[in-house]
Amino acid sequence: MINTLVRPADINDHQRLSNLLFFETRLHRHLDWRSPLDWLGAPFYWALEEGKRITAALACPNEITGIAWVRLFVYASHWSADNAWNILWSTAKYEIARARGATVVAIAMQPWFQTLLAANGFMNRQQIVMLEWHGFASQPWAAREAEGIRVRRMMESDLPQVERTDAASFDPLWQNPLGTLQRAFSQSLFATVAEDKNGIVGYQITTGGGQRAHLARLAVHPAVQRRGAGKALLSDLFRTLRHTGISRLTVNTQSDNVTSLNLYQKMGFIRTGEQYPVYTLEVPASV
């Protein structure tokens, strides 16, 4: 009889977890600036071990205090999703509660994972909706630059200011700390900031290659919203994309983010019909 053990995953598990991720299709992977293996050694990352094999793993490390995204759930074929999840989640929930609790969040792109989360008390908080811009369609974006707003290329030295703008622009659930922004900047195709006389008031980070790009992040400080900073960032990005021959740009946002949806649609983005539910569960601190 082979005993099972749930334990924290660490860097020594890299190869065995890499094999599990490569060979198993039963996998939830959060869209992230880091791969699941990059999180090894972080808190709230557990491996299910059978003998010398790792046959399931669950990772929900937190970057923002009180927020734990489910970044990985994978299990081998001899497990059912329910059994693998229940074994790992019982440990995860206990440890998260001991660490003062957290909001546990997942973007569930696969129906089986949506069913699993709902069965375990997670609530569908909102949807992530997809939009697309085609560069050779109409040009509602070709407007004059916003008064008092200048758009320029982002530099690495801008990132501390960018982090402050990000924190002011989003709820904690959606904020990106400095380390994440540094990774995003290093992986970007185009990254720009909008600034006024007081400094950086907005930014965008776009990834991609070939004929397609993805607007991974757009933020405008609430203090300057409705002054045209978002339109200025997008207009500058569109001109750059067309100049480099990229004709398609995707973006996603929350279904209840009316401000962002209105901006994107006014600037020529069209909803694709794709959407993915965001599930959350409050794990209270243990007494």
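A salt bridge here is a side-chain nitrogen of Lys or Arg within 4 Å of a carboxyl oxygen of Asp or Glu. Good morning, colleagues. The model before you is predicted, and I shall begin with a pair that meets this definition. The side chains of Arg34 and Glu63 form a salt bridge, with 4.0 Å from N to O. Arg34 lies in the loop between β2 and β3, and Glu63 in the loop between β4 and β5 (67-69), so the pair ties together parts that are 29 residues apart in sequence. Glu63 itself is partly exposed, at a relative accessible area of 25%.

Let me now turn to the sheet. Its 5 strands form an open, antiparallel arrangement in the order β1-β3-β4-β6-β2. At the edges stand β1 (4-8) and β2 (27-29), each pairing on one side only. From one strand to the next, the twist averages 20°. Strands β4 (residues 53-59) and β6 (residues 72-75) are joined by 4 bridges; Ala56, for instance, has Tyr75 in β6 as its bridge partner. Helix α1 (residues 14-23) lies across β1, β2, β3 (45-50), β4 and β6, and runs at about 80° to β4.

Which strand does Arg16 of helix α1 reach through its pair with Glu49? Glu49 belongs to strand β3, 33 residues away from Arg16. The closest N and O atoms of this salt bridge are 3.1 Å apart. Arg16 counts as partly exposed because its relative accessibility is 29%, whereas Glu49, at 13%, counts as buried.

A further salt bridge connects Asp13 with Arg7 at 2.7 Å, N to O, and both residues are buried. Through shared partners, salt bridges join Arg7, Asp13, Arg16 and Glu49 into one network. In total, the structure holds 16 salt bridges.

Definitions and conventions:
Residues are numbered from 1 along each chain as its sequence is written. This is a predicted model: local features need pLDDT of at least 70, side-chain atom pairs count only at pLDDT 80 or more; totals for chains, interfaces and linings use all residues. Side-chain values use heavy atoms; hydrogens and water are left out. Two strands pair if DSSP finds at least two bridges between them. Helices (H or I, at least four residues) and strands (E, at least two) are DSSP runs, numbered from the N terminus. Axes are lines fitted to C-alpha atoms, for helices over the stretch in contact, and angles run from 0 to 180 degrees between N-to-C directions. Contact means heavy atoms within 4.5 Å. Buried means under 20% relative accessible area, exposed over 50%, partly exposed in between (1.4 Å probe, protein chains only).
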